[in-house]
Amino acid sequence: MADVQMLVLAPPQPAPTAQRFGKLSAYFGTPGNTIISMLSIAGMFFIAKLAFGWLVIDAVFSGAGEACKAASGACWPFVVQKLRYMVFGFYPYEEQWRPLLALLLLFSVCGVSMVPRFWSRNLLLVWIVVILPVLYILMAGGVFGLTPVATTSWGGLPLSFMLSFVGLTLALPLGIVLALARASNLPAIRVLAVGFIEIVRGVPLISILFMATVMLPLFMPDGVTIDKLVRAQVAIILFASAYIAEIVRGGLQDVPAGQVEAGKSLGLHYWQVMRKIVLPQALKKVIPPMVGLFIGFFQDTTLVTIVGLVDFLDTVRAAIRDPEWQGIAVLEGYLVAAAVYFTFSALMGAYSRFLERYFRTTHA
Amino acid sequence: MKQALLSICAAALGLAAAGSASAATTLETVKARGKLVCGVSLATPGFAAPDDKGRMQGFDADICRSIAAAVFGDGDKVEFVPTNINTRFQALQSGEIDVLSRQTTHTFSRDASLGLDFGPTVFYDGQGLMVPKSLGVSSAKELTEAAICTLPGTTTAQNISDFFRAINGKFELVVFESPDENRAAFYSGRCEAITSDRSDLASIRAVANNPADYIVLPETISKEPLAPAFRQNDSQWGDIVSWSVWMLMAAEEKGITQANVDEKLKSEDPDVQRMLGATEELGKMLGLDNKWGYNVIKSVGNYGEVFERNVGEGTKLGLTRGPNALWNAGGLIYSPPIR
């Protein structure tokens with residue numbers, strides 16, 4: 001009772017200041033802080049000036065390779081001329097509205113799916129039954145009068161997004177199942193899960209991709225080939241699921257055993273306890289490491305270049321080796337790639353911070 | 001977990017390409033598919049590199065087009081599959097591609113142990129060295145304790161070691177993972193010399209700020225005959241690949257070009273008549289249309305045209321014919337008689 005009294009009597013906390021960057025005195029309070037702040041501002045100004053000079057003032061906005069070679073700034077004609085190839089790769093030029101539409105559809109549906117108000121079991125169903133098949137038909141064609149386009153011609157940004165989005169979407173449920181299996185009371189299931197996770201985690205992604213694309217076809221009977229893209233996709237799913245499983249396991253361990261026992265004593269069976277009590281708490285806790293993993297995997301999909309799939313980074317590399325631009329627009333090409341990867345990684349990070357706020361429940 | 005795995009496997013099999021009967025010959029498979037699947041490199045300017053519209057252009061790509069033209073009468077019925085150094089042979093072995101046209105050197109061990117055969121050499125290349133003129137060196141033998149830039153993994157590093165061991169020279173190898181880094185290191189003065197195939201050196205030199213400041217040394221320290229490859233034990237398919245290439249060479253010898261091939265149909269020369277299918281039925285012997293030769297030349301031109309268009313002196317690579325001239329012009333390009 002005394003504790004409660006004290007809490008009530010404690011002086012009210014000062015309201016948080018509205019200033020976005022805190023108080024000015026925090027930066028210029030002491031001579032030391034003032035010096036550090038001034039140096040930082042000067043440094044930022046210097047970098048901004050350099051960047052602006054390179055991006056705008058000294059940049060070349062029209063012309064060909066020769067004009068860029070002479071100038072010291074950025075070479076924008078290269079980006080303009082090569083952008084379409086960098087984004088769509090070897091997809092037939094006349095049909096490139098299809099991957100564009102697929103990308104826009106993917107973005108908009110992702111955007112909608114990120115809003116909590118639309119979360120429901122139906123949303124998942126719509127994804128599996130409508131969105132993914134539509135995306136596949138758009139890309140592959142062969143029906144509704146669309147020209148068939150073999151997966152070997154897919155490339156660039158749609159390929160990168162497909163490998164990472166589809167990969168992580170399918171790896172997440174698999175990883176959760178693996179984590180539950182690893183925490184299972186049945187030794188056989190537990191051993192299988194531990195074995196799978198440890199084997200996959202003990203091997204680099206590159207070697208799994210190599211196994212899937214180089215070794216696997218040699219074991220197949222004559223004439224039977226599994227699409228190379230599918231092989232790489234499955235390799236990524238299996239690889240990601242092992243890491244997701246370990247992250248989820250960390251969350252599971254954080255849920256007190258008493259809650260499971262309480263659930264069981266209420267007569268709930270295993271899946272009900274997991275779905276309604278344990279997983280919601282466990283998954284909420286692992287959002288930050290999970291998003292970190294997702295961002296990492298989004299960038300790791302660039303490794304598929306080693307098995308001959310042409311992802312976005314690869315089309316950028318091919319573009320800068322065009323004889324007309326070779327040795328001229330290397331930095332520009334890689335900056336385009338960096339900008340794209342940064343944008344999507346930053347969006348994922350921002351969404352994870354939103355999710356953390358959204359799920360923040362007030363018990364403590 | 002098992003169910004999840006099973007469903008993924010099922011999905012994978014569902015998407016699997018319809019397996020063709022194992023007994024089918026490559027020609028039957030290609031014809032049934034309606035296009036040739038050709039393995040090329042992703043971005044080697046002059047040999048195989050995408051243009052702004054993502055269409056593969058280059059010497060190796062045109063070899064693919066000539067084979068497609070021989071089979072289908074249309075050089076555009078090709079699907080180009082970018083392969084890299086690690087996956088190129090496996091892609092051929094597993095049937096993912098029908099022919100590999102990717103600056104691949106024909107060597108004994110590849111021919112004997114990889115389950116593949118090589119067609120005629122389409123490009124005679126060899127490893128060379130490039131140095132800045134300011135170094136004052138006119139022969140590779142004068143390079144002492146030089147740092148030499150190169151790429152890893154291929155036979156390039158081994159060749160240069162062999163060369164210097166043979167002349168008891170000392171050198172330091174500086175290896176870079178990407179062509180861009182390799183080139184930048186050389187131009188920034190990190191190395192005294194850069195080594196690669198001569199065709200590649202030409203393209204590296206082409207992007208220098210002032211190409212005239214650099215010279216390619218006269219020594220050719222290795223033989224690199226580049227040839228298309230195909231799976232062994234399918235002689236008919238091997239013949240089609242080889243004779244499509246030879247047709248290009250024979251056409252140059254006979255003066256048949258993309259532009260004049262229609263006139264040449266009326267030529268009095270019996271060789272030309274046979275090549276273009278005006279007389280006799282040579283195409284049938286290969287299981288092809290009798291106008292296969294006409295189709296090849298109509299879609300890509302003759303060997304000389306393919307060379308000049310992609311890597312010749314009018315291009316950024318600016319290569320001279322050198323050993324790739326016709327045999328009667330001092331080179332090594334020689335086609336068996338088409339009769």
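**Close-up 1. The left-handed crossing of α6(A) and α7(A).** In this predicted model, the crossing formed by helices α6(A) and α7(A) is left-handed. By class, the contact between the two helices has 12 nonpolar, one polar and one charged residues. The axes of α6 (residues 97-113) and α7 (residues 121-140) of chain A come within 9 Å and cross at roughly 165°; because angles over 145 degrees count as roughly antiparallel, α6(A) and α7(A) are described as roughly antiparallel to each other. On the α6(A) side the contact is made by Arg98(A), Pro99(A), Leu101(A), Ala102(A), Leu105(A), Leu106(A), Val109(A) and Ser113(A), which meet Leu123(A), Ile131(A), Val134(A), Leu135(A), Leu138(A) and Met139(A) of α7(A).

**Close-up 2. The open five-stranded sheet of chain B.** The strands of this open sheet follow the order β10-β9-β11-β8-β12 in chain B, and their pairing is mixed. Strands β10 and β12 (214-216) of chain B form the edges, each of them pairing on one side only. On average, and with direction ignored, neighbouring strands of the sheet are turned by 30° against each other. Strands β9(B) and β10(B) run parallel and are joined by five bridges; Ile148(B) has Leu173(B), in β10(B), as its bridge partner. Helix α7(B) packs on the sheet, where it touches β9, β10 and β11 (193-197) of chain B, and the direction of α7(B) makes about 155° with that of β9(B).

**Close-up 3. The contact between chain B and chain A.** Here 40 residues of chain B are in contact with 44 residues of chain A. On the side of chain B that touches chain A, at least two residues are supplied by each of α1 (2-15), β2 (49-50), β4 (78-82), α4 (88-93), α7 (179-187) and α8 (198-206) of chain B. The residues of this side of chain B divide into 19 nonpolar, 14 polar and seven charged.

How values were computed
Residues numbered from 1 in each chain as written. Chains lettered and ligands numbered in written order. Predicted model: local features only at pLDDT ≥ 70, side-chain atom pairs only at ≥ 80, totals over all residues. Contact = placed C-beta atoms within 7 Å. Helix = DSSP H or I, 4+ residues; strand = E, 2+ residues; numbered from the N terminus. Nonpolar A, V, L, I, M, F, W, Y, C, P; charged D, E, K, R; others polar. Axes fitted to C-alpha atoms, helices over the stretch in contact; angles between N-to-C directions. Parallel < 35°, antiparallel > 145°, perpendicular 65-115°, else oblique. Left-handed = near helix turned anticlockwise from the far one by under 90°. Pairing = 2+ DSSP bridges.
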